[in-house]
Amino acid sequence: MSAQKGYQNRTEILQGTLDMLILQTLQWAPRHGYALSKAIRTNSGEILKVDTGSLYPALHRLERKGWIAAEWKKSEVGPRLRVYRLT
Amino acid sequence: MEEVRGGAALASLSADMIREEAFTRGAFAVGQGAGGDFGSLESSEKRERSMRFAFRGRERRDRELQEEIQAHLTLAEREEMESGRTRKEAAFAARREFGNVTIAEETTRDMWGWRWLSDFFQDLRYAVRTFRQRPGFATVAILTLALGIGANSAAFGLVDSAFLHALPFHEPERLVHVWTTDAAGDLHTPSPAEYLALRKTSKSFEQVTGAGWIRVLYDNAQSSGQTLLGLVITTNWLPTLGIKPLLGRNFLDEEQISGRDAVVMLSHTCWRTRFHSDPNTIGRKINLDRRTVTIIGVLPQSLGPYYEDIDLFAPLVLDSYKENGDPRSGRVRVQIAARLRPGVTFDQARSETEVIAQQLREHRPTTDRSGHLVVEDFAETFRHPGPTRQNAQRGMWLTACAATLVLLIACANVASLLLARGVTRCKEVALRAALGCSRGRMVRQLLTESGLLFVCGGILGLMILQWSRDIITNVASGLLPGTYVQIDARVWTVTLGVSFLTALFFGLIPALLTTRVSLNDSLKGAAPIAAGGSQSRRPRNFLVVFQIALGMVLVVGFGLLFHSLRNVQSARIGYDPRNVLTARLRLPPTRYTEPSARARLMRDALDRARLLPAVESAGITGSLPMFGAESAQFKIDAPSPNTGPADAELYFVAVSPEYFATLKAPMLAGRPFDDEDNLTSKPVAIVNELFSKQYFPQSYPVGHHLAFADSRASWMEIVGVVSNFSQRNPEEDSRPLAYFPISQTLPTEWSMAVRVRASADFASSSQRLADWLRGVDPQLFWQFGSMQQDIHDSESLVLRRPIIVLLASFGGLALVLAIVGVFGVTSYSVSERTREIGIRVALGAVRVEIARLVFRETLTLAFAGLALGTFAAFGVTRFLPNGPIGWSGSGIFLYGVSRTDALTYGCAAVLLASVAVAASWIPAQRAMRVDPMVALRHE
């Protein structure tokens with residue numbers, strides 16, 4: 001039951017919206033994938049939860065179109081991260 | 001995968017499909033794509049870059065992506081751990097939060113583009129692997145397709161070279177023929193004077209060329225004296241048409257002078273058949289017209305269909321040509337081909353030639369319509385072939401249709417095989433569907449597999465064609481001289497095109513049927529053969545019926561034409577050709593110019609021939625049977641309602657008194673010619689039976705008169721009526737013919753027919769006769785033969801034989817394919833029904849009953865196919881003409897059989913039914929040997 005309710009609470013929003021969200025969030029600062037999903041969640045006040053299965057495809061699509069660019073950065077914590085920024 | 005991608009295309013922010021995919025999807029997930037750090041590149045550059053990266057950087061991109069996602073998971077894990085979970089729990093939570101890693105990877109890879117290309121290569125690799133596992137299936141399929149597509153390509157190549165190919169001349173739209181007109185205003189080949197005038201004074205043509213026909217005697221070691229047809233051409237003929245010799249060189253200007261013209265070029269056909277395509281032919285010396293000439297070149301094959309009968313090309317020496325040239329239509333002619341100067345239009349050329357013509361015509365009255373020069377488009381001559389060539393062309397189309405039928409049968413075979421194979425892959429298909437593979441993706445993969453088969457078949461077919469090219473060219477040239485098969489770009493294009501189209505068409509239905517599985521049944525392990533079998537049985541049966549029907553059409557077509565051939569060979573020709581020698585003579589123009597000399601020569605020849613003891617009778621004629629006759633306008637004083645004489649166009653032949661007796665063509669009324677009828681006596685004529693029936697239906701032609709339509713011609717008295725006999729072809733319709741005494745016409749070209757006694761040895765008699773006749777005048781050249789050989793070489797039979805050969809080979813191919821098809825289907829059906837057979841045997845069925853079971857199924861299919869094929873054959877044979885043939889060689893006309901000849905259809909049906917039964921013999925044996933114990937445990 002609750003799972004269903006949770007289901008209904010999630011809205012299906014079109015592709016373009018996710019792209020806009022990403023671009024808007026990157027406006028403030030370049031981020032890597034995980035930080036981006038957290039930022040979207042935070043900025044929307046915990047209403048929008050980005051499905052990571054759609055996040056990475058969207059990121060790569062935008063990268064292919066040339067609207068964002070990516071590069072690898074070494075992080076202090078451990079694994080190296082792929083950071084995206086607006087072009 | 002597709003479903004999720006479809007979802008991602010809508011980019012729902014909720015992943016409502018969480019599939020726990022096994023991480024062992026190596027077989028499916030090798031997707032590559034293009035990646036690329038584009039920055040702000042232009043899109044075209046982007047695409048080019050992505051193409052390159054697609055193949056070089058994909059491994060790197062894959063790794064980076066995995067690394068990226070792994071980093072995400074690590075960070076999420078760390079955050080979870082901060083909220084107090086253990087490492088393991090944190091890892092699971094992070095993963096769960098993320099969703100399906102593999103799908104995310106896949107979807108991202110999709111974004112890189114070029115998904116279809118990577119899919120295609122993946123499918124291709126999979127297909128090759130599958131075929132390597134089952135080489136038998138692949139071999140049979142590829143061989144079958146090779147035969148079908150190869151036959152089709154051969155037919156296309158032939159038809160292409162005969163009709164479809166662009167003219168092999170350089171800029172043919174700038175080439176023209178110039179004709180002159182005769183008294184009736186019809187087009188005629190110009191005279192040498194007109195050619196010279198045009199060449200000297202015309203300004204609108206940049207080149208004016210001339211060509212004339214000659215016949216030469218070719219002497220070599222094997223065959224004494226064959227007459228070859230040749231074209232004498234000016235030096236600029238080849239360059240104007242834009243044709244380069246295949247070997248050797250063109251003539252030089254100095255070789256156009258009499259005495260220096262002992263050079264010759266060969267046509268491709270002549271080089272191929274008489275010199276066996278020997279590359280060292282250049283420089284060889286041969287004997288032509290008792291002269292030694294050197295071969296200096298060979299012309300290319302593409303010229304063949306346009307100058308089909310020409311064997312040799314020699315320089316045109318205008319002076320000697322005017323004297324010695326081949327007197328077609330009684331006067332020497334030069335065919336003019338010219339190339340328009342750049343910028344000159346047809347109309348300008350026309351007006352200029354008209355002016356030149358007027359100058360030549362000077363003193364002729366305006367009522368005389370002869371002598372006008374007409375400019376005509378070069379290709380026009382080739383667009384209106386004579387009736388013989390038209391019929392030969394139709395025969396070629398017939399062959400092409402037969403080839404298409406063979407192709408369809410082959411494709412049906414392979415489709416059947418694919419269907420059978422599809423059934424065994426039931427489980428694999430179900431598993432893939434369960435894992436999320438969309439139907440479209442699977443159909444694409446199956447189409448790739450069948451496409452691979454068809455394309456390999458096509459390529460193998462082309463290889464077979466290349467290997468058997470000479471045989472095919474030889475047979476086809478017999479039908480339509482000059483046609484050939486060449487594996488050039490057009491043939492390649494057509495072959496590949498046909499391969500792809502048939503792959504699509506015949507691979508689609510098996511693909512669709514194979515992918516139509518119900519997941520539950522298949523995965524639960526129900527006997528896959530039972531589950532999917534019934535679904536594919538009906539299409540397979542339909543394919544077999546289709547094959548048998550097409551086979552029936554082919555066999556019926558072949559049967560009807562073969563029957564016609566046999567009928568023509570034994571047709572009533574009206575005379576007895578057995579044991580009759582023929583000796584043909586062409587008098588050189590410089591000798592025997594006096595009529596009395598010619599008369600004396602004929603008499604001497606006849607006397608000499610009669611001296612031989614083996615000779616029964618001998619006669620002379622202007623034109624032997626099977627060689628046609630001339631025609632002219634005549635006036636006949638027939639007792640018709642109108643008082644004036646009737647006008648008719650008649651064919652006529654000159655004969656000697658004993659000619660009819662030699663031929664054993666009986667006189668029906670009146671008397672034959674005798675020695676009294678010569679130049680000095682009254683002109684007489686004999687007519688044939690049909691003439692009598694047509695113009696003298698109630699009365700008696702003997703005693704009446706006929707004359708040439710020329711007003712000054714004298715009336716000839718009809719003194720006899722002879723029975724009809726064939727003059728041009730064994731199957732011709734009789735025409736009214738008139739015969740004149742050869743002693744009154746005295747032509748320069750005549751033939752002798754010598755009947756040898758049946759008891760004598762034909763070969764030695766002919767040798768002796770040859771020696772004797774040469775003794776009359778050693779300088780004359782005789783061509784010896786026999787009447788039966790003449791019938792064998794008549795146009796009719798010469799056209800029919802290659803068609804029969806071609807149809808027989810295609811029919812044979814079709815039968816072989818049908819056997820394979822029926823065998824495949826029947827053996828599959830038997831293995832499907834193994835359980836059922838086992839049960840029957842266990843319940844007490846006898847082996848014979850089992851066999852009967854199998855045969856009954858086959859025969860049902862066969863009968864259905866035969867019925868369908870009979871209807872189809874009725875429709876198709878309407879294109880085989882049945883009507884009156886006229887005089888020209890017919891090739892595809894039916895003779896003596898109706899289109900619905902019961903015997904032919906019956907034989908075809910029996911043949912196909914026995915083929916079907918024979919093909920299902922081995923499966924029936926297998927069925928009979930089924931052990932019930934094994935069968936009942938068989939799954």
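Chain A has an open sheet of three strands in the order 1-3-2, with antiparallel pairing; strands here are DSSP E runs of at least two residues and helices are H or I runs of at least four, numbered from the N terminus, and two strands pair if DSSP finds at least two bridges between them. At the edges sit strand 1 (31–32) and strand 2 (68–73) of chain A, each pairing on one side only. Strand 2 of chain A runs antiparallel to strand 3 (residues 81–86) of chain A over six bridges, and A:Ala69 has A:Arg85 in strand 3 as its bridge partner. Helix 4 (residues 52–65) of chain A packs on this sheet and touches strand 2 and strand 3 of chain A, its direction making about 55 degrees with that of strand 3. Contact means heavy atoms within 4.5 Å.

A word on the model: it is predicted, with local features needing pLDDT of at least 70 and side-chain atom pairs pLDDT 80 or more, while totals for chains, interfaces and linings use all residues. Residues are numbered from 1 along each chain as its sequence is written, chains are lettered from A and ligands numbered from 1 in the order written, and side-chain values use heavy atoms, leaving out hydrogens and water.

Axes are lines fitted to C-alpha atoms, for helices over the stretch in contact, with angles from 0 to 180 degrees between N-to-C directions. A crossing is left-handed if the near helix is turned anticlockwise from the far one by less than a right angle, and right-handed if clockwise.

| Helix pair (chain B) | Angle | Axis distance |
|---|---|---|
| Helix 7 (residues 135–164) and helix 16 (residues 439–467) | about 55 degrees | 6 Å apart |
| Helix 17 (residues 469–479) and helix 27 (residues 795–832) | roughly 140 degrees | within 7 Å |

Helix 7 and helix 16 of chain B cross in the right-handed sense. Their contact has 16 nonpolar, five polar and no charged residues (Ala, Val, Leu, Ile, Met, Phe, Trp, Tyr, Cys and Pro count as nonpolar, Asp, Glu, Lys and Arg as charged, the others, Gly among them, as polar).

Helix 17 and helix 27 of chain B make a left-handed crossing. Helix 17 of chain B brings B:Val475, B:Gly478 and B:Leu479, and the residues it meets in helix 27 of chain B include B:Pro802 and B:Leu806. That contact of helix 17 with helix 27 of chain B splits into eight nonpolar, one polar and no charged residues.
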